[in-house]
Amino acid sequence: MNFNIKIKAKRLWTILACTIIGVIIASCSFKVDKVDQPYTAKVGDVIDITVDFTVVTNENPSQTGPMIFAMLMPVGWKGAENTTIEYTSTKGDGKMKHIPDSEVAAGGSGFNPGGLNWPANLKRKFGIGNNFIEDLEWVVFRSEDVTYGNNETTKGKLFIKLKVGADGNDANVRLAYVITSGRDGLVVNEFGTYYNDFYTDCLSVTGGTTGDLIDFCSPQLGIINPPKSLDNDFTTIVFDSNAATNPLQGADAVYFKGTAVTEDGQTITVDEISDKTKLTETLPGSGKFQKVIWPRKFFNISKTQKLVSLSYYITNASKSVQVGYNNTAEPFKFKFKCN
Amino acid sequence: MKSKCKWNYVGIVIVAMLMMVWSSCKVEKVTPITEPNKQLSGSWKVLKATRNGTDLTAGYDFTKFRIKFEGSNYTLTDELPFLVYENGSFGLDDPQYPFKITFTPTGGSAASTAFNYPTVDGKRRLELNFSSGCTQTTYVYTLVEAE
């Protein structure tokens with residue numbers, strides 16, 4: 001009888017121990033606690049951003065690896081060249097290094113299908129955050145190696161210096177941040193979530209030299225993705241019929257009608273109702289339409305010609321209604337350029 | 001006599017064991033495996049196309065495009081934004097472990113790009129990375145052999 005009681009007690013302790021360990025393991029996490037950043041800046045300013053973070057680990061045996069920090073920002077800001085990050089933490093201080101695009105992200109086939117690099121895998125997972133124009137990239141950095149042990153909490157702070165507006169354009173953009181494990185990547189499993197994504201409000205950068213404003217923050221009736229492209233790029237003409245009041249709200253089919261200007265001053269107009277000009281609704285009922293074109297072929301220019309600009313309207317099938325910039329009589333306008 | 005017979009028996013066993021050891025100790029001859037040259041011959045079509053990671057495949061008609069490798073030459077059918085637009089010759093930096101492919105259109109200048117040659121579901125794929133317009137815009141065409 002006594003023997004039986006001993007076995008039961010032992011089993012009870014085992015179950016209790018397993019439960020406690022299970023609870024501890026399940027609490028593994030990476031978290032951005034707070035971000036301090038300005039929401040206005042001038043083109044060329046170096047802005048200070050601080051990010052407080054907490055990492056809870058339950059590694060037994062302990063594991064060594066870097067922490068990854070990624071920032072979503074306009075491609076034209078050339079973030080890899082124009083960002084420096086230093087950090088302090090309860091595991092030591094140091095500087096972060098930019099991760100080159102040639103490096104495949106951690107995560108294996110389960111959490112990095114296709115073996116993408118870090119920026120591409122972040123874009124697959126988090127897209128362009130809360131922005132509306134594609135021309136954004138995740139710029140990714142790694143800390144020095146840190147040894148994470150069992151039931152440990154690491155707290156730290158990142159001190160980021162970012163030069164904004166390297167392309168000279170005014171911009172409204174919602175920056176976003178991700179921290180994750182350099183060993184594991186963007187993993188969610190029974191032990192926890194090994195990343196945290198953090199989104200901010202709109203940062204307004206003014207005082208640019210080009211006279212152009214790229215408004216990533218606001219839904220717009222008409223945009224072209226990427227906003228910086230040449231006639232030999234694939235460009236996507238996007239029309240969001242619900243972005244503002246306009247007579248094409250509720251339309252089930254919309255078409256492109258536009259004129260391109262070549263470097264030698266020739267104008268070429270495409271004005272027809274056909275598959276060539278029809279935009280496709282991205283999701284039924286979404287009111288968001290798009291069409292991918294290769295401008296050189298679309299406007300049928302010769303091999304020696306180059307397109308410099310484009311002005312266009314979106315029309316209905318009968319061409320009785322046409323919508324332009326901000327629902328005015330002015331057309332949407334686009335310059336073919338890379339900066 | 002009895003003792004001699006016993007030794008003979010032991011001797012037979014020893015000889016048998018030695019023979020077994022000898023016969024078991026064959027040196028395995030390992031023939032070095034030669035990585036075959038990568039064969040691109042044939043006609044390839046676009047399976048997938050991305051722009052800075054965004055999938056464009058469903059949004060544009062890629063179905064007519066073909067690039068045919070034959071000997072050291074390539075020919076293009078239909079045009080897409082690409083490295084070259086005229087037929088010509090091509091070369092790999094290393095036929096066994098290629099990392100880069102170079103297209104030289106007839107009468108034009110050479111254009112090189114990194115490429116991968118993975119096998120997926122038993123079929124070879126050809127992945128080409130390039131920029132055709134702005135350098136910050138990168139395309140990846142994943143090609144498969146056209147049936």
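In the predicted model, F69(A) touches I85(A), M96(A), F141(A), L158(A) and I179(A), with residues up to four places away in sequence left out of the count. F69(A) is also, together with A70(A) and V140(A), among the residues that touch the most other members of the largest nonpolar core, a set of 83 residues. This core draws at least three residues from each of domain 1 (28-206) and domain 2 (219-335) of chain A. Another core, of 17 residues, lies apart from it and includes Y74(B), F115(B), L128(B) and Y139(B). In soluble globular proteins, nonpolar side chains tend to be buried together.

Chain A contains five helices and 25 strands. Of its 339 residues, 37% are buried. Its radius of gyration is 26 Å, whereas a compact globule of 339 residues would have a value near 20 Å. Along the principal axes, the C-alpha atoms of chain A fill a box of roughly 95 × 45 × 35 Å. Among the contacts in chain A with a separation of 6 or more, 73% are between residues 24 or more positions apart.

The domain assignment divides chain A into domain 1 (28-206) and domain 2 (219-335). The C-alpha centres of these two domains of chain A are 35 Å apart. Contact between the domains involves five residues of domain 1 of chain A and seven residues of domain 2 of chain A. On the domain 1 side, the residues that touch domain 2 of chain A comprise two nonpolar, one polar and two charged.

I223(A) has V238(A) as its bridge partner in β18(A). In a regular strand the side chains alternate between the two faces of the sheet.

Helix α4 (residues 118-126) of chain A has W118(A), P119(A), A120(A), N121(A), L122(A) and K123(A) as its buried residues. These buried residues pack against three strands of chain A, namely β5 (67-74), β9 (136-142) and β12 (170-181). Just after the helix, G127(A) adopts a positive phi of about 60 degrees.

The contact between chain A and chain B takes 18 residues from chain A and 13 residues from chain B. On the side of chain A that touches chain B, the elements that give two or more residues are α4 and β22 (288-293) of chain A. The most is given by α4(A), with three residues. By class, this side of chain A has eight nonpolar, four polar and six charged residues.

In chain B, strand β1 (residues 42-51) and strand β3 (residues 66-70) run antiparallel and are joined by three bridges. G42(B) is located opposite F69(B) of β3(B). Strand β3(B) is also joined by five bridges to strand β4 (residues 73-77) of chain B, and these two strands run antiparallel. K68(B) has T75(B) as its bridge partner in β4(B). Together, β3(B) and β4(B) form a hairpin with two residues between the strands. In the turn, G71(B) has a positive phi of about 60 degrees.

Note on methods:
Residues are numbered from 1 along each chain as its sequence is written. Chains are lettered from A and ligands numbered from 1 in the order in which they are written. This is a predicted model: local features need pLDDT of at least 70, side-chain atom pairs count only at pLDDT 80 or more; totals for chains, interfaces and linings use all residues. Two strands pair if DSSP finds at least two bridges between them. Helices (H or I, at least four residues) and strands (E, at least two) are DSSP runs, numbered from the N terminus. A residue is buried if 20 or more other C-beta atoms lie within 10 Å of its own, exposed if 12 or fewer, and partly exposed in between; C-beta atoms are placed from the backbone. Two residues are in contact if their C-beta atoms, placed from the backbone, lie within 7 Å. Ala, Val, Leu, Ile, Met, Phe, Trp, Tyr, Cys and Pro count as nonpolar, Asp, Glu, Lys and Arg as charged, and the others, Gly among them, as polar. The radius of gyration is taken over C-alpha atoms; the globule rule is 2.2 Å times the number of residues to the power 0.38. A nonpolar core is a set of buried Ala, Val, Leu, Ile, Met, Phe, Trp, Tyr and Cys residues joined through C-beta atoms within 7 Å. Domain bounds come from an automatic or database domain assignment.
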